[in-house]
Amino acid sequence: MAGPRLTTPSQKGPIAVNAPPARVPATLPLTPAQLRIVQRIADGESTARIASQLSITTGTINVQVQHCGQKLGVTGRAAVVHACFVTGQLPRPQKAALPGVLTKAEAETWRMVASGMTSLEVAERAGISRGDALGRIRALRERVRAENDPHLVKLGWSHEVLDESVTEMASGTVLRAPVPR
């Protein structure tokens with residue numbers, strides 16, 4: 001389909017102007033190598049350990065995680081892990097019972113971490129100080145024995161606190177779950 005036709009004072013006839021490019025989808029598929037890295041991140045492994053296991057540098061890991069975020073339209077490792085679960089690019093973790101009862105504040109904190117919010121954004125949303133937000137996140141990680149925030153996200157899926165309903169990411173991207181065939 002041709003773009004709009006415009007004329008300029010210096011030309012006698014119309015010229016074709018290309019229409020703006022189509023918007024890139026918010027979620028692009030990750031490569032198998034990227035998915036291997038994200039799976040290990042979801043398991044709570046450190047960058048150094050992943051680099052050692054895959055015989056690549058920590059810099060390569062960091063660049064690949066950044067590329068994953070760009071493809072998924074999210075920022076932060078926790079958001080990358082969550083986006084991979086929502087979009088079906090990582091297999092869902094096995095279901096497990098949550099120890100004890102989850103408070104409303106804990107559930108909301110879990111969802112905010114999965115959406116890629118920074119501790120400052122968590123604090124602003126919850127109406128608490130940044131220090132209190134960091135304390136909430138740390139306490140939640142300790143309670144469920146999460147190694148870090150991406151591992152916390154995986155455990156959130158395992159305990160069914162997180163699911164496809166958390167689609168509005170802090171980056172502004174809205175994730176779309178795959179359509180069953």
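A residue counts as buried under 20% relative accessible area, as exposed over 50%, and as partly exposed in between, with a 1.4 Å probe and protein chains only. Gln66 is therefore partly exposed, as its relative accessible area is 49%. Of the 181 residues of the protein, 36% count as buried.

The structure is a predicted model, in which local features need pLDDT of at least 70, side-chain atom pairs count only at pLDDT 80 or more, and totals for chains, interfaces and linings use all residues. Residues are numbered from 1 along each chain as its sequence is written, and side-chain values use heavy atoms, with hydrogens and water left out.

The protein has 8 helices and 2 strands. Helices (H or I, at least four residues) and strands (E, at least two) are DSSP runs, numbered from the N terminus. Along the sequence, the pattern reads β-β-α-α-α-α-α-α-α-α. Contact means heavy atoms within 4.5 Å. Among contacts between residues at least 6 apart in sequence, 63% join residues at least 24 apart.

Two packed helices are described by the angle between their axes and the distance between the axes. Axes are lines fitted to C-alpha atoms, for helices over the stretch in contact, and angles run from 0 to 180 degrees between N-to-C directions. Angles under 35 degrees count as roughly parallel, over 145 as roughly antiparallel, 65 to 115 as roughly perpendicular and the rest as oblique.

Helix H3 (residues 58-72) packs with helix H4 (residues 77-86) at about 55 degrees, their axes 10 Å apart. H3 and H4 are therefore oblique to each other. H3 contributes Ile61, Asn62, Val65, Cys68, Gly69 and Leu72 to the contact, and H4 contributes Arg77, Val80, Ala83 and Cys84. Gln66 also lies in H3. Its C-alpha atom is separated by 8.0 Å from that of Gly76, 10 residues apart along the chain.

Helix H1 (residues 32-42) and helix H8 (residues 149-158) pack at about 85 degrees, with axes 7 Å apart. H1 is therefore roughly perpendicular to H8. The contact is made by Gln39, Ile41 and Ala42 of H1 and by Pro150, His151 and Lys154 of H8.

Glu106 has its place in helix H5 (residues 104-114). The Glu106 side chain reaches the backbone nitrogen of Thr103 at 2.9 Å. Neighbours within four places in sequence aside, Glu106 is in contact with Val101, Leu140 and Arg143.

Conventions. Polar contact = N/O pair within 3.5 Å; in protein donor to acceptor, adjacent residues only side chain to side chain.
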